[in-house]
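Subject: Structure handover and notes

Dear colleague,

I am passing the structure below on to you, together with some notes on what was found in it. Please read the notes with the coordinates open beside them.

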Amino acid sequence: MVVLHRMATSISLFASSIPLSKPKFFSKPFIFLHSSPLNTFISGARNSVIKTRVYKNNRKFCTISAVAIDLTETSSNESKENVEIENNPVQKVVLPTNDSSEKLLRIRHTCAHVMAMAVQKLFPNAKVTIGPWIDNGFYYDFDMEPLTDRDLKRIKKEMDRIISRNLPLVREEIDRDEAQKRIMSINEPYKMEILEGIKEEPITIYHIGNEWWDLCAGPHVDTTGKINKKAIELESVAGAYWRGDEKRAMLQRIYGTAWETEEQLKAYLHFKEEAKRRDHRRIGQDLDLFSIQDDAGGGLVFWHPKGAIVRHIIEDLWKSLHIQRGYDLLYTPHVAKADLWKISGHLDFYKESMYDQMEVEDEQYQLRPMNCPYHILVYKRTRHSYREFPIRVAELGTVYRYELSGSLHGLFRVRGFTQDDAHIFCLEDQIKDEIRGVLDLTEEILLRFGFDKYEVNLSTRPEKSVGGDDIWEKATAALKDALDCKGWDYQIDEGGGAFYGPKIDLKIEDALGRKWQCSTVQVDFNLPERFDITYVDSNSEKQRPIMIHRAVLGSLERFFGVLIEHYAGDFPLWLSPIQACLLPVTDTQLEYCNEVVKRLKSSNIRAEVCHGERLPKLIRNAERQKIPLMAVVGPKEVETQSLTVRSRFAGELGNMSIDDFMTRIMSFSDDKNF
């Protein structure tokens with residue numbers, strides 16, 4: 001009997017370079033690896049397949065190159081497309097970055113200038129502000145009338161004309177007085193404000209031919225002809241406040257993308273389409289996972305039943321692993337007296353991100369922006385001896401932070417979210433081992449969700465900081481030693497640490513090769529001093545412990561959004577909100593289906609009955625809802641007390657007993673290495 005298993009990963013749009021064999025079917029179980037958009041198969045007995053190694057070897061090739069392919073929504077079309085791709089390999093295009101290609105950076109910076117020149121040719125009253133390069137292209141902000149998509153097409157045509165003229169870009173150095181005269185002569189008030197912020201001299205400007213110039217430090221290409229106009233596209237226009245200040249003028253920001261070749265642009269656009277297909281906001285609505293409702297307010301997340309089930313699974317796994325690793329779980333209040341946040345320093349450093357205080361019986365209370373002060377209060381309730389350390393406490397604590405409405409973005413930027421927060425109180429000589437323990441736990445948790453590629457940064461002491469040189473050196477050395485012991489490559493972010501201690505930040509890489517800030521580990525000398533927490537050492541003297549802040553997932557909301565986009569809503573079996581649905585051929589089989597679902601649920605298998613439509617429509621609906629397994633029930637199945645099982649990924653799997661069906665689902669659901 002063939003058994004389906006869905007691999008807990010999703011191969012990227014950046015396609016694998018290693019060819020895998022086509023599916024083979026055995027009397028023994030086989031493991032089916034679903035990858036989006038490419039499907040591949042590994043066959044063999046379940047216990048004989050090296051699961052994690054196969055997964056990691058595939059992932060090593062995921063971010064090498066972008067593949068320009070057309071993507072569709074339905075699994076049936078996806079399967080046909082996969083066969084075509086397998087038989088006709090597409091040309092893969094390596095996408096450079098600003099860091100890897102100075103040529104690309106120069107092209108993008110020059111494109112911003114060319115676009116500004118084109119805008120002012122078409123809209124003479126437009127005032128220019130700033131126009132930097134960004135990760136995938138460039139933008140420029142203008143004080144002008146609102147723009148339309150039609151305007152963007154006109155601007156692009158004008159850019160093409162400027163590029164075709166092969167105009168030179170000439171750097172000129174002038175003194176401040178001359179710069180002021182020139183800016184005043186062309187009536188550019190924003191440029192005057194920018195000039196006032198430039199402290200260095202001489203002032204540098206760049207000319208495009210003899211027709212247009214801008215304050216700029218460079219770099220640029222030599223001539224506009226060095227830009228491939230077929231490798232440029234204007235993407236969108238958005239509103240942006242000058243200097244990011246909502247009290248200042250609202251500007252028109254035009255975003256563009258620029259590449260070295262037309263092939264790179266095509267690959268990027270296909271990548272962008274795949275990212276759009278995976279947008280967690282659309283998928284969240286289509287699969288009924290969550291919502292953010294205007295009646296309640298922006299940035300406040302409603303977890304619907306299906307999304308709440310996934311959250312429940314995440315939380316249960318998180319709690320279980322933390323208890324195994326020696327953490328004590330906490331639950332703490334959502335509000336506290338405002339004085340607590342004065343002691344912690346949050347009112348000094350984070351007030352703009354905190355909600356207004358509320359008065360309760362003549363005292364000021366504050367919605368919590370962070371959990372750390374609460375964990376310290378739990379620590380302070382009793383005296384502690386050095387023999388007790390390390391002390392580890394963890395909480396899935398909901399916090400509230402004020403964000404401007406314009407910055408809110410689905411689950412990625414919200415006003416209320418739950419942090420997987422933990423704090424470790426330890427001695428100086430325990431820092432290294434505790435950091436290593438955090439890194440091990442981080443790796444274990446992230447691997448369960450299919451993430452095995454990270455970007456790691458170690459941030460060191462900033463200019464403004466608290467604590468003596470000795471403890472900073474010890475803490476930084478401990479972080480380095482833990483990373484070296486772990487064998488992870490990392491980059492040093494000089495001066496990027498928090499004012500209270502050095503830190504490690506970890507970004508996970510998703511199926512599209514995008515990086516998401518996720519885990520963080522921070523050593524803190526500040527809060528133990530502010531709250532005057534102590535322990536008694538071996539000489540019966542009071543000493544101050546070291547405090548380590550750490551989060552693995554970051555926030556449940558944001559992590560769930562990343563998961564949705566990583567899997568494109570196709571969660572692995574163990575995470576899927578509905579693992580199986582029963583499809584009666586007619587209502588005559590409805591009673592039997594309900595009995596089977598009741599039995600499945602009693603074994604903690606997430607199942608439901610879908611009925612009321614013809615069978616083909618029920619199957620299509622289940623596929624749209626991305627339900628991994630479907631069990632068709634007709635008169636024969638009722639008579640034999642069995643199920644005919646169909647997989648969304650592998651098609652018909654044949655008839656099997658209810659017990660066999662349950663055993664196989666539970667077996668694969670329990671194995672979270674897949």
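How many helices and strands are there in the chain? The model, which is a predicted one, has 20 helices and 32 strands in its chain. Of the 674 residues, 53% are buried, and the accessible surface of the chain comes to about 31,300 Å², with 48% of that area belonging to carbon and sulfur atoms. When contacts between residues at least 6 apart in sequence are considered, 72% of them join residues that are at least 24 apart.

I looked in some detail at strand β19, which spans residues 391–400. Eight of its ten residues are buried, so the strand is largely enclosed by the rest of the structure. Strand β19 pairs with β20 (residues 416–426) in the antiparallel sense over ten bridges, and within that pairing I391 has F425 as its bridge partner. With β15 (residues 328–329), strand β19 pairs in the parallel sense over two bridges, and here A394 is the bridge partner of L329.

The aromatic side chains were examined next, and the count comes to 19 aromatic pairs. One of them joins F389 and Y535 in an edge-to-face arrangement, with 5.0 Å from centre to centre and 70° between the planes. Because F389 lies in the loop between α12 (372–380) and β19, while Y535 belongs to strand β25 (residues 535–536), this pair ties together parts that are 146 residues apart in sequence. Both F389 and Y535 are buried.

A further pair, formed by Y454 and W488, is tilted, its centres being 5.2 Å apart and its planes at 55° to each other. This pair also links distant parts of the chain, with Y454 in strand β21 (residues 454–459) and W488 in the loop between α14 (469–486) and β22 (491–493), 34 residues apart. Y454 and W488 are both buried.

Finally, some notes on clustered rings and on charges placed over rings. W303, F560, Y567 and F571 form one aromatic cluster, and R311 lies over the face of W303, at 4.9 Å from the ring centre. Elsewhere, the charged end of R253 sits over the ring of Y139, at 4.0 Å from the centre of that ring.

With best regards

Conventions: Residues are numbered from 1 along each chain as its sequence is written. This is a predicted model: local features need pLDDT of at least 70, side-chain atom pairs count only at pLDDT 80 or more; totals for chains, interfaces and linings use all residues. Side-chain values use heavy atoms; hydrogens and water are left out. Buried means under 20% relative accessible area, exposed over 50%, partly exposed in between (1.4 Å probe, protein chains only). Helices (H or I, at least four residues) and strands (E, at least two) are DSSP runs, numbered from the N terminus. Two strands pair if DSSP finds at least two bridges between them. Rings of Phe, Tyr and Trp (its six-membered ring) pair if their centres lie within 6.5 Å; planes under 30 degrees apart count as stacked, over 60 as edge-to-face and the rest as tilted. A charge sits over a ring if NZ of Lys or CZ of Arg is within 6 Å of the ring centre and within 35 degrees of the ring normal. Contact means heavy atoms within 4.5 Å. Accessible areas come from the Shrake-Rupley method with a 1.4 Å probe; for residues, only the protein chains shown count as cover.
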